[in-house]
Amino acid sequence: MTPPEAPVTGPKGRCTGSAPAVSVCLPASATRIEILRQRADFLRAASALRQGTPGFLLQARKRREDEGPADLIRIGFTCSKKLGNAVARNRAKRRLREVARLVLPEAGQAGWDYVLVGRPEATATRDFAALLADMKRALNDIHSGRAQQARPRGEPAKGKRRGKG
């Protein structure tokens, strides 16, 4: 039972006629950010531009006009089992999501897809300020033309595992 001196509240738990405590409206100039969920989108980003940083790998591609709204930034996150168990992978993904949330609205460009790929021993343990700096630098390199093109599909990877021989 409500005491008579209690304020009258509406269905949302606040006084009737009062504004919410936090505004959830975005400015008209803000670009929207969506999460990539389809495998095909990840594959298209993997075959476009890439920029490595000590904390993660950034893959990016400019979408065609027929692939969706031009005022939209899409972002995806990948952390493989090389990063460790589920706890380690989830921690790395949480950090990558927060970096993207803080940096993409100011440094990302609308009409682009970005994929952040976690690195073993680095993404979950790297200093967060360094991850933010990595993201800003990687986006700057992608958009200024200093990023690398992805390897063609048939080309072997460089490194330890080139096959039996």
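Trainee: What is the accessible surface of the chain, and how much of it belongs to carbon and sulfur atoms?

Mentor: The surface comes to about 11300 Å², and 53% of it belongs to carbon and sulfur atoms. Accessible areas come from the Shrake-Rupley method with a 1.4 Å probe; for residues, only the protein chains shown count as cover. This is a predicted model: local features need pLDDT of at least 70, side-chain atom pairs count only at pLDDT 80 or more, and totals for chains, interfaces and linings use all residues. Residues are numbered from 1 along each chain as its sequence is written, and side-chain values use heavy atoms, with hydrogens and water left out.

Trainee: How confident is the predictor, and where is confidence lowest and highest?

Mentor: pLDDT is the predictor's confidence in each residue, from 0 to 100. The chain averages 85, and 74% of the residues score at least 70. Strand β6 (residues 148-149) is lowest, at a mean of 83, and β5 is highest, at 97.

Trainee: What makes a stretch a helix or a strand here?

Mentor: Both are DSSP runs, numbered from the N terminus: helices are H or I with at least four residues, strands are E with at least two. The chain has three helices and six strands. Their order along the sequence is β-α-β-β-β-α-β-α-β.

Trainee: What joins D141 and R146?

Mentor: A salt bridge, with the closest N and O atoms 2.8 Å apart. The rule asks for a side-chain nitrogen of Lys or Arg within 4 Å of a carboxyl oxygen of Asp or Glu. By this rule the count comes to 13.

Trainee: How far apart in helix α2 are E98 and R101?

Mentor: They are three residues apart, so about one helical turn separates them. Their side chains meet in a salt bridge at 2.6 Å, N to O. E98 has a relative accessible area of 29%, so it is partly exposed. R101, at 52%, counts as exposed.

Trainee: Which salt bridge links distant parts of the chain?

Mentor: R74 with D41, at 3.5 Å between the closest N and O atoms. R74 is in strand β4 and D41 in helix α1 (residues 39-46), 33 residues apart. Both R74 and D41 are buried. They also belong to a salt-bridge network that includes R44, R61 and D113.

Trainee: How do you know that β5 is mostly covered?

Mentor: Seven of its seven residues are buried. W112, Y114, L116 and G118 lie on one side, and D113, V115 and V117 on the other.

Trainee: What makes β3 and β5 a pair?

Mentor: Two strands pair if DSSP finds at least two bridges between them. β3 and β5 have seven, in the antiparallel sense. In one of these, L57 partners V117 of β5. β4 and β5 run parallel, with five bridges. R74 stands opposite D113 in β5.

Trainee: What makes a set of residues a nonpolar core?

Mentor: The residues must be buried Ala, Val, Leu, Ile, Met, Phe, Trp, Tyr or Cys, joined through side-chain atoms within 4.5 Å. The largest has 26 residues; L58, L104, Y114, L116 and M135 have the most contacts inside it. β3 (56-62), β4 (72-78), α2 (86-107), β5 (112-118) and α3 (128-144) each supply at least two residues. Apart from it lies another core of five residues, among them L36, F42, A45 and V115.

Notes. Buried < 20%, exposed > 50% of the residue type's maximum accessible area, 1.4 Å probe, protein only.
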